[in-house]
Amino acid sequence: MTDQELLNEAIKEAQLGLSEGGLPIGSVLADKHGKIVARGHNMRVQSGDPTAHAETVCIKTAGRRRDWHTLTLASTLSPCIMCTGTSLLYKIPRVVIGENQNFLGAEDLFRQHGVKLINLNDPKCIQMMSDFITNHPDLWNEDIGIPED
């Protein structure tokens, strides 16, 4: 699969999360041959778990592995510091993101650790997140740890 095809699969996960009443952020993990080995979407609202961001859910779904260092993580949105830290812990060397205009995650940490970061600036990801933030600012702020006024 190409990076765009992986991102398209992450977008499907994001749309699933949105249809469940959650945030439209999705992620997939692929092996070195491009085969998807795990999927996840933001489940924070649905599960009540504040750590259930798309990337952490996807990594959890991948289960016990020894090939993390060969995988690619694709996410519709630039990963937050928690999700970045999780991918760094497992030494995932390559991360494809849909966009970072609506939220700039801890991309500097990826670079500091030699992770290859590819931003596709995907218009669909940008619009999907922008619409969600406009329509659900409270859920978005809760997701990224912004306190109520």
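Q: How many cavities of 30 Å³ or more does the structure hold?
A: Keep in mind that this is a predicted model. A cavity is a space where a 1.4 Å probe fits but cannot get out. Counting those of 30 Å³ or more, the structure holds one.

Q: How much space lies in the largest cavity, and which residues lie nearest its centre?
A: The space in the largest cavity comes to about 80 Å³. Its lining is made up of 14 residues. Nearest the centre you will find Ile25, His53, Glu55, Leu77 and Cys80.

Q: Is Lys91 buried or exposed?
A: Lys91 is found in the loop between α4 (81-89) and β4 (94-97). Although Lys91 is not a glycine, it has a positive phi of about 55 degrees. Its relative accessibility is 58%. The cut-off for this class is over 50%, so Lys91 counts as exposed.

Q: Why does Asn121 count as partly exposed?
A: Look in the loop between β5 (116-119) and α6 (123-135) to find Asn121. Asn121 is not a glycine, yet it has a positive phi, of about 45 degrees. Buried means under 20% and exposed means over 50%, with partly exposed in between. Asn121 counts as partly exposed because its relative accessibility is 39%.

Terms used
Residues are numbered from 1 along each chain as its sequence is written. This is a predicted model: local features need pLDDT of at least 70, side-chain atom pairs count only at pLDDT 80 or more; totals for chains, interfaces and linings use all residues. Side-chain values use heavy atoms; hydrogens and water are left out. On a 1 Å grid over the protein atoms alone, a cavity is a set of points where a 1.4 Å probe fits but cannot get out, and a pocket is an open set with protein on both sides within 12 Å along at least five of seven lines; lining residues have an atom within 4 Å of a point. Grid points are joined across faces, edges and corners, and a volume is the space filled by probe spheres set on the points. Helices (H or I, at least four residues) and strands (E, at least two) are DSSP runs, numbered from the N terminus. Buried means under 20% relative accessible area, exposed over 50%, partly exposed in between (1.4 Å probe, protein chains only).
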